[in-house]
Structures are given as C-alpha cells and as structure tokens.
Amino acid sequence: MAESTHSNGGNQLITAQNQLDIVKDWTSQLDKLTTVQHSKLSDKEKQFGVSIITNLVGRCVQGGIRANELDLTNFLEQVKHISKQQLSIAEKELYLDIRNNSKTGLKTVTISRQYQGIQKLMMRYCTKKVVRFMDGIVCTGDTFKTTTDFESGMERIISHVKSSAYDKNDWSKIQCAYAIAYVEEYGKLVPYTCIIDKRRIQRGRQAAQTDNVWRSDLATMVTKTAYWCLWAQMRPYMDLPVDMQESIAATEDPMDFSKTDDAEYVDVDTYTYAEPSAVEQPEKEYVDVEVTDHTTEPVREDVAFDEGGRESRRIPYTEYTANKEKYEKVEGSYDRANKTIEVYDKEVG
C-alpha cells in the first residue's frame with residue numbers, strides 16, 4: 001500500500017520515481033505562499049525558483065530524505081526572495097546547505113549566495129559600469145605588492161607572483177585575499193580593489209555555524225569572503241529597488257559584515273563551532289551586524305526612551321532605509337533575526 005501523502009509530500013521517501021511530483025507540489029505551495037503575501041513571482045523569477053526546488057529534491061533523492069523531514073515553509077520563503085534576485089543554482093551562484101535542527105526536529109535548508117551571485121548583483125545594480133572581476137588568494141612565499149593611488153585614494157595591486165609551494169587550500173599558508181571590480185570610467189578601466197587580511201577571513205569563517213564547508217572548499221569560501229567585502233565597498237554605488245533591498249536583507253549571509261578593526265583573532269584550530277544539529281543561535285545573543293552605513297553595532301533590546309523622553313518603536317529595516325527622512329534610528333538597535341530596527345519619528349518643521 002502506498003504511503004499517505006500530505007501537501008508537502010507527507011512522509012514519502014523522495015525517490016527518482018516520485019521526484020517530479022514533489023517538484024510540482026512544492027512549486028504549487030510556492031505559488032500559494034507568494035499569493036497570500038501579495039508578492040507573486042514573474043514567470044522569469046518563477047523559473048529560478050523551480051530550479052532551486054528541483055535541486056533540493058535531487059539532493060533529497062541522493063540523501064534518502066523524506067518530504068516531512070524538511071522545514072519546507074522556511075525553505076520556500078527563502079526561494080521567494082532568491083527568485084526575485086534571479087540568481088541561478090545551475091551557474092553555481094547559489095549553494096543549498098541542509099542541516100538538522102535539534103529545536104524543531106526538522107532539517108533546515110539555507111540558501112547561500114556564492115561569490116558568482118555577488119558578482120551578478122553588482123553588475124546588475126551598480127550605477128558604475130562594472131566590466132569584469134578578478135580575485136586571488138595570497139599564500140606564504142608569494143610576492144605580493146600593492147600601492148595607494150593618492151589621486152583616487154584607492155589601494156591597487158601592482159603584482160601577485162605565486163611561489164612554487166603555492167597552496168590556496170592550506171589554511172596555514174593563506175595570508176590574505178583580494179577581489180577586484182574593473183569599472184569603466186571616462187574611457188578607461190579603473191580597478192576598485194578590496195584586500196582583506198587573514199583576520200577578516202577568520203571572522204568570516206567563525207561566523208559559520210559549522211566548519212564543514214570551509215574544510216571541504218576552503219578556497220571558494222575565502223574568495224567569497226573577499227567578494228562580500230567588495231560588495232560592502234561598492235554598496236554606495238548600488239541602486240537597489242526597495243523590494244530588492246528587502247530580498248537581499250532577508251537572505252543575508254552571516255559573513256556579510258565589513259569591519260575588522262575590533263575583531264579578536266582566534267585560532268581556527270582551537271575555535272569551537274556549533275554542532276550541525278544546533279543551527280539556531282541562543283536567544284538574546286548579542287552579535288555584530290552590518291547596516292547600510294557599514295557600521296558594526298551590537299543588537300540591543302533595552303531601548304525604549306531617549307533622554308528627552310521620546311519613545312522609540314520598532315519597524316521593518318526596509319521601511320527605515322526607504323524613509324530615512326522620517327526616522328532617526330536608535331544606535332545599536334538593528335535586529336538581524338527579524339530584520340527590524342528601533343526608530344524615533346523625526347520632528348516636522
């Protein structure tokens with residue numbers, strides 16, 4: 001007798017024989033979700049969503065995962081946002097991370113933007129004409145020379161000569177990394193260069209909830225960290241529609257922060273990572289977050305009134321960024337988990 005099937009596939013084991021039915025079912029649920037939220041996807045956006053769903057179903061077939069083992073609602077919410085960004089999993093612009101969640105008893109799927117996806121977003125939304133990118137990882141023994149262009153104020157790489165013992169997959173040898181966006185300005189290419197030291201790379205690694213991906217694909221993760229910093233550097237030149245700001249904020253990466261000056265360097269070999277089953281952070285944990293003006297602030301939950309007795313209120317962060325002339329933010333009140341911020345209403349007149 002066939003196993004019973006619910007709206008998310010029930011307790012069916014997802015197999016090669018039923019995977020197409022599961023894809024159709026989850027795609028239908030994505031349609032229902034976006035309809036209820038009044039955020040319907042265009043036909044083109046939906047194609048990207050179906051591709052992501054198909055990839056997950058394929059992973060379930062390979063891993064012997066049953067349909068009811070997944071936190072499907074959370075996954076489809078991410079699919080909605082990523083689909084609006086029109087990033088392709090087939091072109092390695094995205095990565096699906098599947099982990100157990102001890103609190104819910106379900107498997108949580110996290111959709112992460114890879115550096116190729118960050119490149120696409122920069123080329124699409126940067127007001128400057130980005131022509132191409134270049135990146136690299138500098139290891140012990142390399143000859144790496146930089147200079148500061150005092151006319152433009154930008155740091156530039158003069159040369160990077162790799163040593164005969166070059167190994168970008170050996171953590172002990174990595175010294176720094178860089179990502180460059182070549183921008184066409186006044187008829188010539190200008191390299192907008194971001195160079196990050198090992199301490200910044202370390203922070204990106206420690207932001208991960210497990211170290212598995214870093215150990216299995218170190219070079220890619222180091223490169224991704226450099227591109228996140230390049231994204232922050234190019235952010236003032238980005239023209240993101242309000243709905244795109246919301247979608248990107250809703251799918252931000254834990255390593256998406258820019259400051260390194262106040263970072264404590266921790267040896268990665270002795271650093272304790274969260275176990276794969278404990279994917280959620282403790283409640284009310286104070287963490288560093290990136291806000292639009294690139295400052296790093298601890299989340300605070302104890303702000304209600306200022307010295308003048310003004311009462312603050314919490315609103316969606318996207319509403320604040322779209323109406324900064326109306327609000328004055330409460331410093332340190334950005335809530336990464338809920339994408340909200342406390343504000344005061346600015347006085348009129």
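What follows is a short chat about a sheet and a pair of helices in this predicted model.

Visitor: What makes E3 and E7 edge strands?
Guide: The sheet is an open one of 3 strands, in the order E3-E6-E7. Strand E3 (129–139) and strand E7 (188–197) each pair on one side only, and that makes them the edges.

Visitor: How do you know that E6 and E7 pair?
Guide: Two strands pair if there are at least two bridges between them. Strand E6, residues 174–185, has 10 bridges with E7, so they count as paired, in the antiparallel sense. One of the places to look is Val183, whose bridge partner in E7 is Val190.

Visitor: Why are H4 and H7 called roughly parallel?
Guide: Their axes cross at roughly 20 degrees. Angles under 35 degrees count as roughly parallel, so H4 and H7 get that label. The axes of helix H4 (residues 115–125) and helix H7 (residues 218–234) come within 9 Å, and the crossing is left-handed.

Visitor: Which residues of H4 and H7 make the contact?
Guide: On H4, they are Tyr115, Ile118, Gln119, Leu121 and Met122. H7 brings Thr220, Thr223, Lys224, Tyr227, Trp228, Leu230, Trp231 and Met234.

Visitor: How do the residues of that contact of H4 with H7 divide into nonpolar, polar and charged?
Guide: There are 9 nonpolar, 3 polar and 1 charged. Lys counts as charged, so Lys224 of H7 is the charged one.

Terms used:
Residues are numbered from 1 along each chain as its sequence is written. This is a predicted model: local features need pLDDT of at least 70, side-chain atom pairs count only at pLDDT 80 or more; totals for chains, interfaces and linings use all residues. Side-chain values use heavy atoms; hydrogens and water are left out. Helices (H or I, at least four residues) and strands (E, at least two) are DSSP runs, numbered from the N terminus. Axes are lines fitted to C-alpha atoms, for helices over the stretch in contact, and angles run from 0 to 180 degrees between N-to-C directions. Angles under 35 degrees count as roughly parallel, over 145 as roughly antiparallel, 65 to 115 as roughly perpendicular and the rest as oblique. A crossing is left-handed if the near helix is turned anticlockwise from the far one by less than a right angle, and right-handed if clockwise. Contact means heavy atoms within 4.5 Å.
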